Amino acid sequence: MASTLAAPDPGIWRQFPSRVATFCLVEVQKLRHDRTEILTRAVQPVLWLVIFGETFNRLHAIPTGKVPYLSFLAPGIIAQSGMFVAIFYGIQIIWERDAGVLTKLLVTPTPRSALILGKAFAAGIRSMTQVVVVLVLSAILGVSLSANPLRILGAFAIVMMGAAFFACLSMTIAGLVLRRDRLMGIGQMITMPLFFASNALYPIKLMPGWLQVVSLVNPLSYEVDALRGLLISTPSHLLLDFGVLALAVVVGVTAASSLVGRLAR
């Protein structure tokens, strides 16, 4: 019991960045075994932009000021795509529990937060493929996007942070429900409310008052706001958006790290 409760060797924390990078690399390499995932996950954002975006762009049903609706929508679809990739990430950690891999990882002296953070960053890297697809398609559809490399890199960073938070949220839920079928149900239950209770499809000012309050505590809203500011130069609050997302990632990593041990019991 004493060895179980002992504090980690301080040297472990010096190796923390390399451990996070290792776990992240392992997760990313799994894409090599299922490259069709990139194509199948690209279908949904394409449908949103080509069908929903083009239709509402012609209808002018949603007031977005001087910004064409398709340009307004594209950053929201980028954020949505990253969230959909990450929100079911907890299924993978349950699968690793069932395969006996997770138990072996947890008995090593590596901090659990390194494991969670590595998986969270891997979810962000997987989301990058969606960003590229949406950016290319948006340019083809005539969306005027920023060509500033720094702004594009900033957009990638924002998507990484958003996906990392939603991956941590998924792993936190996994640590609570412990089963894949329950996680699937909860994931399906919360994804669309998170999406529709954000500013991805319409400005927050169009929402009823109670939904505006929900939107203000929804990290997806801050991700979309930052992406619009970076990619189509609309008024945004970049410092606030980065700060909220960074705080959300810290809270998510802390919560998932504290609950991941339940999966190995």
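Predicted model: local features only at pLDDT ≥ 70, side-chain atom pairs only at ≥ 80, totals over all residues.
Biologist: Let's start with H5 and H8. At what angle do they pack, and how far apart are their axes?

Modeller: The angle is about 150°, and the axes are 9 Å apart. H5 covers residues 69-86, while H8 covers residues 112-140.

Biologist: OK, so are they roughly parallel or roughly antiparallel?

Modeller: Roughly antiparallel, because angles over 145 degrees count that way.

Biologist: And is the crossing left-handed or right-handed?

Modeller: The crossing of H5 and H8 is right-handed.

Biologist: Which residues make the contact?

Modeller: On H5 they are Ala74, Ile77, Ile78, Ser81, Gly82, Val85 and Ala86. H8 brings in Ala123, Arg126, Ser127, Gln130, Val131, Val134, Leu135 and Ser138.

Biologist: How does that contact split by class?

Modeller: Nine residues are nonpolar, five are polar and one is charged.

Biologist: Switching topic: what about Tyr89, where is it?

Modeller: Tyr89 sits in helix H6, which runs over residues 89-98.

Biologist: Is Tyr89 buried or exposed?

Modeller: Buried, because its relative accessibility is 5% and the cut-off is under 20%.

Biologist: How far is its C-alpha from that of Ala122?

Modeller: The two C-alpha atoms are 9.9 Å apart, though Tyr89 and Ala122 are 33 residues apart along the chain.

Biologist: Back to H6: how many of its residues are buried?

Modeller: Seven of the ten, so H6 is mostly covered. The buried ones are Tyr89, Gly90, Ile91, Gln92, Ile93, Ile94 and Glu96.

Note on methods. Residues numbered from 1 in each chain as written. Heavy atoms only, no water. Axes fitted to C-alpha atoms, helices over the stretch in contact; angles between N-to-C directions. Helix = DSSP H or I, 4+ residues; strand = E, 2+ residues; numbered from the N terminus. Parallel < 35°, antiparallel > 145°, perpendicular 65-115°, else oblique. Left-handed = near helix turned anticlockwise from the far one by under 90°. Contact = heavy atoms within 4.5 Å. Nonpolar A, V, L, I, M, F, W, Y, C, P; charged D, E, K, R; others polar. Buried < 20%, exposed > 50% of the residue type's maximum accessible area, 1.4 Å probe, protein only.
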